[in-house]
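Here are a few friendly notes to read alongside the model. Please have the viewer open as you go through the points.

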Amino acid sequence: MTEKLQTDESGDKIDLQWLASAQNLLGHLFADQTLIVAAFTHASRAGPKSSYERLEFLGDRVLGLILAKHLFVEFKSDDQGALTKRFHAQAKQSNLSEIAIKIGLHNFILAEKGIDLSSQPSILADVVESLIAGLYLDGGIETAENFVLKHWDWHGRVPEDTLHNPKSA
């Protein structure tokens with residue numbers, strides 16, 4: 001049976017309506033609801049050990065695996081260079097932050113009162129990665145993969161510009 005959270009690790013009360021809305025948005029009912037709360041919680045509210053930072057680390061790797069697999073399977077005629085360009089375009093910060101806004105994830109970020117992080121691209125990208133980790137830990141790779149396959153735009157052309165850090169901007 002799913003345990004309903006009353007407070008998060010910082011001692012703040014969790015709005016159960018927020019929790020239900022966030023799970024509905026993601027299309028996944030979390031068995032371990034601490035994962036979804038942590039995935040949306042910025043360090044300003046809970047400190048680095050209870051925030052999304054650790055989940056972001058894992059989510060970056062899970063996202064990389066999902067992207068690489070999908071690109072490998074779907075773009076059979078692309079060579080390694082084209083696949084790499086596609087991969088970096090899909091994994092870069094600006095793409096992740098656009099996805100966060102498109103889905104509405106920015107409305108669920110939990111931060112210290114008075115701090116609005118909902119328009120900062122790096123925060124939005126971090127939250128996407130942390131949510132992918134939460135989905136992976138709670139529902140497995142298929143759950144995380146379904147989320148990515150649903151929300152990413154896969155059919156853009158191969159990006160030309162690869163001279164800058166592909167994870168930034």
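1. Glutamate 112 counts as partly exposed because its relative accessibility is 42%; buried means under 20% relative accessible area, exposed over 50%, and partly exposed in between, with a 1.4 Å probe and protein chains only. Please keep in mind that this is a predicted model, where local features need pLDDT of at least 70, side-chain atom pairs count only at pLDDT 80 or more, and totals for chains, interfaces and linings use all residues. Residues are numbered from 1 along each chain as its sequence is written, and side-chain values use heavy atoms, leaving out hydrogens and water.

2. Glutamate 112 sits in the loop between H6 and H7; helices here are DSSP runs (H or I, at least four residues), numbered from the N terminus. Leaving aside neighbours within four places in sequence, glutamate 112 is in contact (heavy atoms within 4.5 Å) with Ser44 and Arg45. Serine 44 is 68 residues from glutamate 112 in sequence, yet their C-alpha atoms are 5.3 Å apart.

3. Now to the two helices on either side of that loop. The axes of H6 (residues 93–103) and H7 (residues 121–139) come within 8 Å and cross at roughly 75 degrees, the axes being lines fitted to C-alpha atoms over the stretch in contact, with angles from 0 to 180 degrees between N-to-C directions. H6 is therefore roughly perpendicular to H7, a label used for 65 to 115 degrees.

4. In H6, the buried residues are Ser94, Asn95, Leu96, Ser97, Ile99, Ala100 and Ile103. Their cover includes H1 (16–26), H4 (53–74), H5 (80–91), H7 and H8 (141–151).

5. Just after H6, do look at glycine 104, which takes a positive phi of about 105 degrees.

Notes. Parallel < 35°, antiparallel > 145°, perpendicular 65-115°, else oblique.
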